[in-house]
Each structure stands twice: as C-alpha cells, then as structure tokens.
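The sequence and the structure come next, and the discussion follows them.

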Amino acid sequence: MYIYKFRVLNDETDGFVRDFEIGAKQTFKDFHNAIIENVKGLNAKELASFYICDRKWNKVKEITLLDMDADMEEFQQEEEIEEQDQYLRNKKTTMDEAVLCNFIDDPHQRMIYEQDFMHPHTFYIELIKSCEAKENKKYPLCTHSCGELPKPLHLRKEEDFDDLLEEENSFDADEDDYYDSDDLDGLSTDLSEDMGLM
C-alpha cells in the first residue's frame, strides 16, 4: 500500500505544523478525523470542507463533510435544482466517498481544509512525499506535531476577560483624584443651575 505524507500549516499561528501519513486508498473523512484528533481546539461537531487547489492555492473542487444538496432542494424550484445539481456534481463530493488517490494529480498537491464556519480555522496542506507503507503501522498517523491554535475568543474563560479588564482599568492615582458622593451631588446641582434647569 502506498501512503501520502502531508504537511499541515495554519494561517493563525506561524509555529503550527502537523505532518500526517495516510493511505492513498483512505478517504478524506479519515484525514478529517485525524486532523480533529490531533489539533486541540477543533470542535468535531462542526462542519468542515477540504478544497483541492492548484499551485497558487486557488480552490478547484470542494469536498464536504456532509451532503447539503437535500437541504437545498427544499428551497429551490425544480428547474433550478436540475441546473444546480449538475454544478454540484461537478464541484462537490462528500469526504466519506472521496478516496485520496482519486484527487491527487500533483506530486506537491495543495489543499485547503476549513473547519467550523462560524468561528473558522483555515489550514494549508501540501503533499511532501509518497512512499510504500510500513508494516505494522496503522494509518492515518500524525508523525510530527508543533504549536497549538490560539484559543478562540468565544471560548475564553470569563476570568480571562476579568483579568484583562482589571489590567486596562488599573492606574496610579492620588486619593485627591477620587470624588466622594457629596462632590458628585454638588457637581450635579452646579450643572443644573448652569443649564437653567433650577
């Protein structure tokens, strides 16, 4: 069996690298699961897509986690569906039916993997090697791991925000810089008189 070795980089973190070895006859769903298992911070319940790219990272074909065509049909007229279905058949397929070797036609094949479209993470993938599989090894396999994703803003703990606010609001001040309640009452009365409200 032949395997592919892919390098995965992330656009949010310069030091992020993952290397994966995966069988040529395995599916993009297998690759997706390997990424989810080996990258902390990814939510396995979120949608994801692979995009087969050209040498300039232009997206050529989308491989989706789920088949969204059924949902689209509920909202489209029959004639529109017929034209759209043909387009989707040419452009999209699902990960569980997409075998890697059927989509690799470049010795340095490039792909983009996008996960969680509400709080997106984008990964740039490049084929760096293809070779014979080693015996007694179970694929896919993460062979190199460096760096972690930054914690998404929506998942940061409340204490993180409290600490941040405390830092921003902290400053050195003399006791004379503070107003007491009598000062504020007097200020309110003076302003009212100036504005002719009293």
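In this predicted model, Tyr124 is partly exposed, with a relative accessible area of 29%. Trp57 is likewise partly exposed, its relative accessible area being 26%, and both values fall between the limits of 20% for buried and 50% for exposed.

A pair of aromatic rings is described by the distance of the centres and the angle of the planes.

| Pair | Centre to centre | Angle between planes | Class |
|---|---|---|---|
| Phe16 and Phe123 | 5.7 Å | 50 degrees | tilted |
| Trp57 and Tyr124 | 5.2 Å | 90 degrees | edge-to-face |

Phe16 is found in the loop between strand E1 (2–10) and strand E2 (17–23), while Phe123 belongs to strand E7 (residues 121–132), so that their pairing ties together parts separated by 107 residues in sequence. Phe16 and Phe123 are both buried.

For the other pair, Trp57 lies in the loop between strand E3 (48–53) and strand E4 (59–64) and Tyr124 in strand E7, so this contact ties together parts that are 67 residues apart in sequence. The Trp57 and Tyr124 planes stand at 90 degrees, and because an angle over 60 degrees counts as edge-to-face, the pair takes that class.

Phe16 and Phe123 also belong to one aromatic cluster, whose members include Tyr4, Phe6, Phe20 and Tyr113. A ring also meets a charge in this model: the charged end of Lys59 sits over the ring of Tyr51, at 4.0 Å from its centre.

Terms used:
Residues are numbered from 1 along each chain as its sequence is written. This is a predicted model: local features need pLDDT of at least 70, side-chain atom pairs count only at pLDDT 80 or more; totals for chains, interfaces and linings use all residues. Side-chain values use heavy atoms; hydrogens and water are left out. Rings of Phe, Tyr and Trp (its six-membered ring) pair if their centres lie within 6.5 Å; planes under 30 degrees apart count as stacked, over 60 as edge-to-face and the rest as tilted. Helices (H or I, at least four residues) and strands (E, at least two) are DSSP runs, numbered from the N terminus. Buried means under 20% relative accessible area, exposed over 50%, partly exposed in between (1.4 Å probe, protein chains only). A charge sits over a ring if NZ of Lys or CZ of Arg is within 6 Å of the ring centre and within 35 degrees of the ring normal.
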